[in-house]
Amino acid sequence: MQQEINQQRIQNMYQMLLEMAAGNFTNRIQRTGQDDELEALVMLINMVAEEMKESVFHSGFVNPHYTHTHLVQITFVLDADFVIRDYISTVPKVLGFSPDALHNKPFSSILSQQSLPIWNRVAAALLQDTTYNNTEQLIYISQEQLLVPCFCTISRLIHDTSILVSAVITVIADPIAAETLVSADDPELHGGLSSYSDVQLMQHVYDYILMHLDSPLPSMKELSRIFGTNDNKLKSGFKHLFKTSIYQFYATERLKRAHLLIQQTPIPLKSIAFMAGFPIYPNFSRAFKKRFGYTPMDIKRRL
């Protein structure tokens, strides 16, 4: 029995390391309270994830092959007995469950051990106060047994006995669909790509742009000279692989980084706009709103 438990603990650590390798430093591994070497490793991994989240994100760095989808909402509807009666479509995606897996389950069943005392206190207050509305930090447990901490707004509906538990978190999404990936076994390579080495070349251009977002984008002739190719192959090959032009990719990634800096740092907005290549702030604000659907001023900043 203990061997099976230890195997599960090792699997949780393995899953956590994969998440961190993908650039996701949000999750945590649930502590067991045991005093052994595995528990020491769990503590170490959680500490590394916390440090990476605070330092790497604070500096504006993200995994170049992943993108942060900001402000993803997860909302549960509980009945008077604190049983999950409904939830929005993002809940199973964020927590890794099948669409119907959480229906009619006690809300406490998806909370970590350290969150249960907090939830018991909240539940007692909800029974006594029909106008209860408060924010608490709760930690959910995903299908992979990883911890997902977030601040939750918990409130009663005015004309119903139902209870809403809602939170906004940041998730990681892979921007490149599986069917667009290219391998050396592909029988045909289009878009001006005559060999797999051409595909690797485009990946090097992709990485180069991400590494030089602080600098103006070189001209196509200059990029072609740097990578030893010609303008047409560079433009057509990049667009074929990544479904966007080189300039559009560069501009979009600078706006994504600006979004992260606005959310995670106290750097003035005008300075962030200048770092993103916009000397005139209104131009930055318009481009930002066109990309994300809201202005830089609409983001709640980390103070």
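This is a predicted model: local features need pLDDT of at least 70, side-chain atom pairs count only at pLDDT 80 or more; totals for chains, interfaces and linings use all residues.
Let's start with helix H6, which covers residues 220–227. Which of its residues are buried? Those are Leu223, Ser224 and Phe227. If you look down the axis of H6, these buried residues fall within an arc of 100°, so they line one face of the helix. Now turn to the face pointing away from that buried side: there you'll find Lys221 and Arg225, both exposed. And just after H6 comes Gly228, with a positive phi of about 65°.

Okay, on to charges. Side chains of opposite charge can pair when their charged atoms come close. How many salt bridges does the structure hold? Four, and I'll show you some of them.

Glu222 forms a salt bridge with Arg225, and their closest N and O atoms are 2.6 Å apart. The two sit three residues apart in the helix, which means about one helical turn separates them. Glu222 is partly exposed at 31% relative accessible area, while Arg225 is exposed at 57%.

Last one: Glu136 and Arg121, at 3.1 Å, N to O. Glu136 is in strand E4 and Arg121 in helix H4, so this pair ties together parts 15 residues apart in sequence. Glu136 counts as buried at 13% relative accessibility, whereas Arg121 is partly exposed at 47%.

Note on methods: Residues are numbered from 1 along each chain as its sequence is written. Side-chain values use heavy atoms; hydrogens and water are left out. Buried means under 20% relative accessible area, exposed over 50%, partly exposed in between (1.4 Å probe, protein chains only). Helices (H or I, at least four residues) and strands (E, at least two) are DSSP runs, numbered from the N terminus. The arc is that of the directions from the helix axis to the C-beta atoms. A salt bridge is a side-chain nitrogen of Lys or Arg within 4 Å of a carboxyl oxygen of Asp or Glu.
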